[in-house]
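Please read the points below with the model open beside you, and look up each residue as it comes up. They begin with a strand, go on to its partners, and end with a pair of helices.

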Amino acid sequence: MTVSTTLSTIYTKILQGGRLNGDEGLQLLENAPLLDIGSVAQKVRFLKNPQQSVTFVVDTNLNYTNVCDAYCTFCAFYRTEKDADKYTYSVDQMLTQIGKAVEQGVTTVLIQGGLNSALPMEYYEDLVRRTRKTFPSLTPHFFSAPEINKMAEVTEASVHEVLFRLKKAGQTTLPGGGAEVLSDRVKHQISRLSPKGKVNDWLEVHRQAHLLDYRTTATLMYGHLETDEDIIEHLEHVRSLQDEALTAGKEGFTAFIPWSYKRENTPLANKVKVESGPNKYLRMIALSRIYLDNIQHVQASWFSEGKKTGQIALNFGADDFGGTLFDENVMQEAGFYNRTTKEEVLRMIREAGFTPVQRTTEYEHIGYYN
């Protein structure tokens with residue numbers, strides 16, 4: 001059987017609602033013509049989300065500390081306790097920053113930081129609790145899986161207990177950062193000293209979060225030391241974990257968000273000489289939409305891939321345009337600076353041929369624009 005015949009069979013299976021296996025996913029990733037896989041993914045997108053609309057959220061990304069003992073080779077953000085430009089903000093200082101974001105119309109604040117062993121569990125609980133009390137209309141979309149694991153380590157508690165305490169403080173969603181590539185082989189190379197050093201570290205945080213009725217996102221950072229097989233493994237892990245959540249009567253992941261590694265100022269740049277480009281990104285968006293048949297939304301990233309590429313991704317299977325991200329420091333430390341406004345997001349979605357709809361973190365629609 002030729003590759004073209006195989007691809008044709010796979011396309012038919014997809015459009016008939018069949019679930020792809022790993023070998024079929026690998027065929028699409030490695031051999032499918034870009035426009036073909038994009039066309040199939042867009043058909044799947046409209047089967048799952050039939051409206052001619054694209055959602056977005058008005059949000060920002062804040063950091064409470066850059067002190068981190070993980071030393072991930074892909075990261076330009078972290079500092080050690082010995083660095084002069086290290087920082088750790090108090091809860092009061094963070095609330096001041098959050099307040100400024102709320103004044104800009106932000107409805108979601110994504111807060112992440114380094115893995116700082118000096119911070120007690122009470123710091124995180126207080127940050128969530130006071131955010132909810134001071135800004136009741138705001139969603140605290142705080143703390144990635146590695147941070148949750150660090151809290152468990154410092155507190156000598158289980159991941160479940162940490163998530164329960166945060167939920168009691170008022171947290172209901174969890175971002176998907178820290179996944180990178182869900183392959184132990186890759187993780188050992190890029191973050192072997194961190195609490196994100198094994199696949200199950202990330203999976204177990206999201207598994208326990210789903211059981212506690214958190215809604216979470218899943219992410220993928222590709223374009224460094226992974227192989228195509230590693231990417232398929234990653235998608236398989238995410239899809240399987242969502243199956244678990246749905247079987248347990250939980251909603252699980254809201255969305256999947258892939259983005260490419262940015263190499264500037266990172267130790268890993270010594271091994272990765274060229275960054276992944278727009279064609280690979282569009283292929284990743286399309287494959288994600290097709291392979292992750294149990295996840296409702298796929299997010300196009302104008303932020304990490306550039307605004308034009310983000311717009312094109314809306315025709316390759318993505319139905320969400322991410323957030324405004326008024327403040328962002330992690331990618332900026334890696335030499336990548338990209339900013340937008342709510343008005344520009346509306347314009348970009350319209351230019352791509354869609355109707356903008358403002359959403360919450362949990363994908364509830366709160367604003368409609370012609």
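This is a predicted model: local features need pLDDT of at least 70, side-chain atom pairs count only at pLDDT 80 or more; totals for chains, interfaces and linings use all residues.

1. Strand β6 spans residues 215-222, and eight of its eight residues are buried.

2. Which strands pair with β6? Strand β5 (residues 173-174) is joined to β6 by two bridges, and the two run parallel; here Thr 173 has Arg 215 of β6 as its bridge partner. Strand β7 (residues 253-260) also pairs with β6 in the parallel sense, over seven bridges, and in this pairing Phe 253 of β7 stands opposite Thr 216. Between β6 and β7 the chain passes through helix α10 (residues 228-247), and this β-α-β crossover is right-handed.

3. Turning to the helices, the axes of α6 (residues 145-155) and α9 (residues 199-211) come within 9 Å and cross at roughly 85 degrees. Angles of 65 to 115 degrees count as roughly perpendicular, and α6 and α9 are therefore roughly perpendicular to each other.

4. Which residues make the contact between α6 and α9? From α6 come Ala 145, Ile 148 and Asn 149, and these meet Asp 201, Trp 202, Val 205 and His 206 in α9. Sorted by class, the contact of α6 with α9 has four nonpolar residues, two polar residues and one charged residue.

Note on methods
Residues are numbered from 1 along each chain as its sequence is written. Side-chain values use heavy atoms; hydrogens and water are left out. Axes are lines fitted to C-alpha atoms, for helices over the stretch in contact, and angles run from 0 to 180 degrees between N-to-C directions. Helices (H or I, at least four residues) and strands (E, at least two) are DSSP runs, numbered from the N terminus. Angles under 35 degrees count as roughly parallel, over 145 as roughly antiparallel, 65 to 115 as roughly perpendicular and the rest as oblique. Contact means heavy atoms within 4.5 Å. Ala, Val, Leu, Ile, Met, Phe, Trp, Tyr, Cys and Pro count as nonpolar, Asp, Glu, Lys and Arg as charged, and the others, Gly among them, as polar. Buried means under 20% relative accessible area, exposed over 50%, partly exposed in between (1.4 Å probe, protein chains only). Two strands pair if DSSP finds at least two bridges between them. A crossover is right-handed if, with the strands pointing away from the viewer, the path from the first strand over the helix to the second runs clockwise.
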